[in-house]
Amino acid sequence: LVVVGTLIRLLVPQQHDAAHSQRNAMTAHSMFPPVRELSSKIRCSQWTEIQRQLSGRAGGTMNVFDRTMKRRQKKWAASLQDSDKYDYLRDEVGSRVADRVYDIARTFPLALDIGCGKSHIAEHLHKEVVEQLFLTDISEKSLRNTRRSEIPTHCVMADEEFLPFKENTFDLVVSSLRITTILVLPSVSLCCHYNPSPFPKINQVLKPDGVFIGAMVGGETLYELRCSLQLAELEREGGFSPHVSPYTAVTDLGNLLGQAGFSMLTVDIDEIQVLYPGILEVMSDLQGMGESNCAWNRKSMLHRDTILAAAAIYQEMYGSENGSVPATFEILYMIGWKPHDSQAKPAKRGSANVSFGDLSKIGQPSTKDKS
């Protein structure tokens, strides 16, 4: 597992409209498979509450995120008339994923983009590299708004968690910022029969010697917003609840890819810092991106006094001289290959004929030269 150093970039989003500060009220519904012994006796609302409780237990955790809520958030964000103004982060990350595709010196006859959105990756690719591309997304409106590309594309409405493709189909699978909300920690995946990680399914649809290149949000994302909200809630309400979705740590990502069967793993970290006028604009843009909190244990309401206190804390702790506040997005890029006999393999243990201690002697004059 190779971890490359951190790179910090600055992005400045478009001007914000006050009309977009309105929060979208949504109701969570169950997305887990029903239990046969209980489904006939428990009402839907009761079953949803049971799932919320299970999501917070170490021994019975099934999924951290409410997939139905995430689908509604994506659908609402795609329906905005000015939804393009919220695409600056996806466009930037999509271009960086495409750069990693160009780093591989081969042509991919058939590729798959999981959670394509408005085809943020495809618009940066050429048909000399990818000959044919399948685009999938959970939002029908996003697929209707995909941007034109010189690559022949086919749109398929599908959940990232359930890919409707046969085994050994694609030479390349890419994904940008869309697999975050169906990942859990490796310890959680091992303690339950239901594993929501998409990596085994991605490995399944790849051909042998096929490659997966993806990007997802890391665990240190929006730490400024998290800290400000927690301090404000502690001061105004005497306690705090999570208002930002949990994300996967870079230390867990390699384990998840390895458990899914990928080989020759590469993970690198990139930080993108976006400047906003204030905390309300940060929250408004997250809503416009369709990235509001969808965890089962989320708090449904944030009091006005708490928001005002959080805005003051945000400005005091992280604000710059010109009045803007930063929001940091930690992006984890990953590359994994499906095993094949032609791939390079590590030598057998104990087969080395050179000691690492001899490396320090390279360039030094030998005993004969000294004499």
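Phenylalanine 134 and phenylalanine 170 are both buried. Buried means under 20% relative accessible area, with exposed over 50% and partly exposed in between, using a 1.4 Å probe and protein chains only. This is a predicted model, where local features need pLDDT of at least 70, side-chain atom pairs count only at pLDDT 80 or more, and totals for chains, interfaces and linings use all residues. Residues are numbered from 1 along each chain as its sequence is written, and side-chain values use heavy atoms, leaving out hydrogens and water.

The structure holds seven aromatic pairs. Rings of Phe, Tyr and Trp (its six-membered ring) pair if their centres lie within 6.5 Å; planes under 30 degrees apart count as stacked, over 60 as edge-to-face, and the rest as tilted. Phenylalanine 134 and phenylalanine 170 form an edge-to-face pair, 5.8 Å centre to centre with 75 degrees between the planes. Phenylalanine 134 sits in strand S4 and phenylalanine 170 in strand S6, 36 residues apart. Helices (H or I, at least four residues) and strands (E, at least two) are DSSP runs, numbered from the N terminus. Ring pairs also link Phe134, Phe165 and Phe170 into a cluster.

Now take strand S6, residues 170–176. Seven of its seven residues are buried. S6 runs parallel to S3, joined by four bridges. Two strands pair if DSSP finds at least two bridges between them. Aspartate 113 stands opposite valine 174 in S6. S6 also pairs with strand S7 (residues 206–217), in the parallel sense, over six bridges. There, leucine 172 has valine 211 in S7 as its bridge partner.

Next comes serine 119. Its place is the loop between strand S3 (111–114) and strand S4 (133–137). Is serine 119 buried or exposed? Serine 119 counts as buried, because its relative accessibility is 1%. Not counting residues up to four places away in sequence, serine 119 touches Leu135, Thr146 and Arg147. Contact means heavy atoms within 4.5 Å.

Step back to the whole chain. The chain has twelve helices and nine strands. Of its 371 residues, 48% count as buried. Among contacts between residues at least 6 apart in sequence, 79% join residues at least 24 apart.

How far can the model be read? The chain averages a pLDDT of 77, and 74% of the residues score at least 70. pLDDT is the predictor's confidence in each residue, from 0 to 100. Over residues 184–195 the pLDDT is below 50. Over residues 1–10 the pLDDT stays under 50. Where pLDDT is low, the predicted coordinates should not be read in detail.
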